[in-house]
Amino acid sequence: MDSGGNLYGTTSYGGVGSNGVVFKIDPPGNETVLLAFAESQANGSLFGGGLIRDPAGNLYGSTDYGGSHGYGVVFKLNPAGTESVLHGFSGGSDGAYPATALLLYNDHLYGTTFDGGLDGLDGYGLVFELGPQ
């Protein structure tokens with residue numbers, strides 16, 4: 001929730017191409033779609049974890065799939081509604097399929113993946129750090 005009482009959330013499906021959305025609900029209950037994950041899935045698809053918000057109003061999250069390699073992304077959505085893919089997982093030593101909500105600490109993002117790691121796609125996932133944001 002932001003200082004204006006707006007709530008932010010996500011869906012795993014729905015929106016353009018049924019790849020999920022990031023939305024805002026204002027205090028009277030009106031919903032606004034802030035980001036619809038594209039059919040091309042370059043920006044991710046099938047939202048996986050929760051959203052976090054920094055003091056500047058940027059939202060951060062991850063998707064289970066999509067990105068340039070298809071193994072999920074970590075993204076940033078700024079207050080103007082522009083999405084930036086911060087990392088696209090390759091399925092190798094950087095992991096695959098982000099599994100949980102992100103943690104923001106000292107301008108660094110932390111999270112886990114369900115698969116990948118030292119053994120590639122035969123691995124058991126990993127803990128990752130991205131930063132600074």
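Modeller: Apart from neighbours within four places in sequence, phenylalanine 89 is in contact (heavy atoms within 4.5 Å) with His69, Tyr71, Gly72, Val73, Val74, Asp94, Gly95, Ala96, Pro98, Thr113 and Phe128. This is a predicted model, in which local features need pLDDT of at least 70 and side-chain atom pairs count only at pLDDT 80 or more, while totals for chains, interfaces and linings use all residues. Residues are numbered from 1 along each chain as its sequence is written, and side-chain values use heavy atoms, leaving out hydrogens and water.

Phe89 also belongs to the largest nonpolar core, whose 10 residues include Tyr71, Val74, Ala96 and Phe128. A nonpolar core is a set of buried Ala, Val, Leu, Ile, Met, Phe, Trp, Tyr and Cys residues joined through side-chain atoms within 4.5 Å; buried means under 20% relative accessible area, exposed over 50%, and partly exposed in between, with a 1.4 Å probe and protein chains only. Leu35, Phe37, Leu59 and Leu77 are among the 6 residues of a second, separate core. In soluble globular proteins, nonpolar side chains tend to be buried together.

Several of these residues lead to the strands, which are DSSP runs of E with at least two residues, numbered from the N terminus. Two strands pair if DSSP finds at least two bridges between them. Strand S9 (residues 96–98) is antiparallel to strand S11 (residues 108–115), with 2 bridges; here alanine 96 has aspartate 115 as its bridge partner.

Taken as a whole, the protein chain has 0 helices and 12 strands. Its radius of gyration, taken over C-alpha atoms, is 14 Å, close to the 14 Å that the globule rule (2.2 Å times the number of residues to the power 0.38) gives for 133 residues, so the chain is as compact as a globular protein of that length. Buried residues account for 39% of the 133 residues. Of the contacts between residues at least 6 apart in sequence, 31% join residues at least 24 apart.

How values were computed
Helix = DSSP H or I, 4+ residues; strand = E, 2+ residues; numbered from the N terminus.
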